[in-house]
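Q: I would like a close look at one part of this model. Please take the backbone and the space around it together.

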Amino acid sequence: MRRRDIMLAAAGLAGAQGIGLPAIAQRAPAQRGAARAPAPPPTTPASSPLGPVDTLARQAILIDFDTGAILLEKNPDERMPPSSMSKLMTMYVVFDLLKQGRLQLDQMLPVSERAWRMGGSKMFVHVGNQVSVENLARGVIVQSGNDACIVLAEGISGSEQQFAELLNDYGRRLGLRDSTFRNATGWPDPEHRMTPRDLATLARRIISDFPEYYRFYNERSFRWNDITQENRNPALARVPGADGLKTGHTEEAGYGLTASAIRNGRRLILVVNGLPSMRARAEESERLLEWGFREFDNVVLFRAAETVEDVPVYLGERPAVPLVAGRDLVLTMPRQWRRSLQARVRFDAPIPAPVSKGQELGKLLVSGQGVPEMEVPLIAGADVDKLGLISRIPAVIGHWFGS
């Protein structure tokens, strides 16, 4: 076994985007200039790689969009009433049908009496009218209209009950393992449940799968039926770079928010729920997003096609094969940990020919002071054919005497 150590100097590491590794961190002292925060609540704090973080939320999760790294979590897998945040699932289905061409933005859908009579937050559609899919989407996203959700559900599936089955089918395909949908709106139902982790996954998929429609979530107001309603998402006004997604509130669930913000090319997704007031929702979402941007950064270890090491090949038509990561290797970690980060390459040498491009040949081991060791597979960056019989004879002889 041959080992090679590669020290990654702090000055040589640059933040970047890319699908990469989970966050690795440890408890560290708070930095100066921290965002204002309320007095520590008498509740269980959230956990983070930097240690406990107080929050009034009953449930919370904060992730890095590009790497999927979890920066903070509190009861992330607790099945909770998602209230209107479950409208994200309704809109995922609508966006997907639009992308498939099975719906059109200018397609008109009829307003039933059931949709018109629906309680809670409303777009204020009129019974018997027809409304375009685009306006209904704005009614759901900006105004949180329960009536708009019913119009979409009935227009797509014939009934809200059938549409709920479609939501569950999509949820399974998206890997939302702990979510169950019983309606299109998030209306209170003892079996209508989601988890913070599933909501974060869903938000991530909306952003990545439908960039052409995600823009609706950043609209600050929408006017329908001579009634202008402001977007309920407080992060849009309070957090620089915020551009989505959805609030929620019921008596059982408390106040919740699934939010996203992008800053200097780096995006975070936050889910909080169970907050006691609209003010607490606004303050906690701002405080936790600012904390995530301030305390963590994305570090590029290697680019996808960058050679990590050249590995000798035995009886190959070329003497060595480049060892590459196959994709950008990006690590989300606390900013102050850059100086302690180390990486080692481990592989067996020489590699017997033939070698196929993409074949796993070694590991990249990431570690450092207080950093849990992590392993990332490294692959061959090129094909290496085996030498012909005549060419192999001197190579075997040379290897024998060399040994």
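A: Start with the residue itself. In this predicted model, Ser144 sits in the loop between helix H3 (133-141) and helix H4 (146-157). Its phi is positive, about 55°, although Ser144 is not a glycine. Most residues other than glycine have a negative phi. Ser144 has a relative accessibility of 3%, so it counts as buried, the cut-off being under 20%.

Next, the space. Ser144 belongs to the lining of the second largest pocket. That pocket holds about 290 Å³ of space. Its lining has 20 residues. Nearest the pocket centre lie Ser84, Ser121, Ser144, Gly248 and His249. By class, the lining comprises 12 polar, 4 charged and 4 nonpolar residues. Strand E8 (242-250) gives the largest share, 5 residues. Helix H9 (278-295) and strand E8 each supply at least two residues of the lining.

Strand E8 has a backbone feature of its own. The peptide bond from Gly244 to Leu245 is cis, with omega near 15°. Leu245 is placed in strand E8. Most peptide bonds are trans. Another cis bond runs from Ala353 to Pro354, with omega near 0°. Pro354 lies in the loop between strand E16 (351-352) and strand E17 (360-368).

Now turn to a second residue with positive phi. Ser83 has phi near 45° and is not a glycine. Ser83 is in the loop between E3 and H1. At 2% relative accessibility, Ser83 is under 20% and therefore counts as buried.

Pro82 is placed in the loop between strand E3 (70-74) and helix H1 (87-100). Pro82 is buried, with a relative accessible area of 1%. Setting aside neighbours within four places in sequence, Pro82 contacts His192, Arg193 and Met194. Pro82 and Gly254 are 172 residues apart in sequence, yet their C-alpha atoms are 9.4 Å apart in space.

Pro82 and Ser83 also line the largest cavity. A search of the whole structure finds 1 cavity of 30 Å³ or more. The volume of the largest cavity is about 40 Å³. Its lining includes Pro81, Gly186, Trp187, Pro188 and Asp189. His192 and Arg193 are on that list too, and both are in contact with Pro82. Thr250 is another lining residue. The lining divides into 4 nonpolar, 4 polar and 2 charged residues.

Helix H1 leads on to the aromatic residues. The structure holds 7 aromatic pairs. In one of them, the rings of Tyr92 and Tyr170 have centres 6.1 Å apart and planes at 70°, so the pair is edge-to-face. The pair links distant parts of the chain, with Tyr92 in helix H1 and Tyr170 in helix H5 (residues 160-173), 78 residues apart. Both tyrosines, Tyr92 and Tyr170, are buried.

Last, the wider setting. The protein chain comes to 10 helices and 18 strands. Of its 403 residues, 54% count as buried. Among contacts between residues at least 6 apart in sequence, 67% join residues at least 24 apart. The chain exposes about 18000 Å², and carbon and sulfur atoms supply 50% of that area.

Conventions: Residues are numbered from 1 along each chain as its sequence is written. This is a predicted model: local features need pLDDT of at least 70, side-chain atom pairs count only at pLDDT 80 or more; totals for chains, interfaces and linings use all residues. Side-chain values use heavy atoms; hydrogens and water are left out. On a 1 Å grid over the protein atoms alone, a cavity is a set of points where a 1.4 Å probe fits but cannot get out, and a pocket is an open set with protein on both sides within 12 Å along at least five of seven lines; lining residues have an atom within 4 Å of a point. Grid points are joined across faces, edges and corners, and a volume is the space filled by probe spheres set on the points. Helices (H or I, at least four residues) and strands (E, at least two) are DSSP runs, numbered from the N terminus. Ala, Val, Leu, Ile, Met, Phe, Trp, Tyr, Cys and Pro count as nonpolar, Asp, Glu, Lys and Arg as charged, and the others, Gly among them, as polar. Buried means under 20% relative accessible area, exposed over 50%, partly exposed in between (1.4 Å probe, protein chains only). Contact means heavy atoms within 4.5 Å. Accessible areas come from the Shrake-Rupley method with a 1.4 Å probe; for residues, only the protein chains shown count as cover. Rings of Phe, Tyr and Trp (its six-membered ring) pair if their centres lie within 6.5 Å; planes under 30 degrees apart count as stacked, over 60 as edge-to-face and the rest as tilted.
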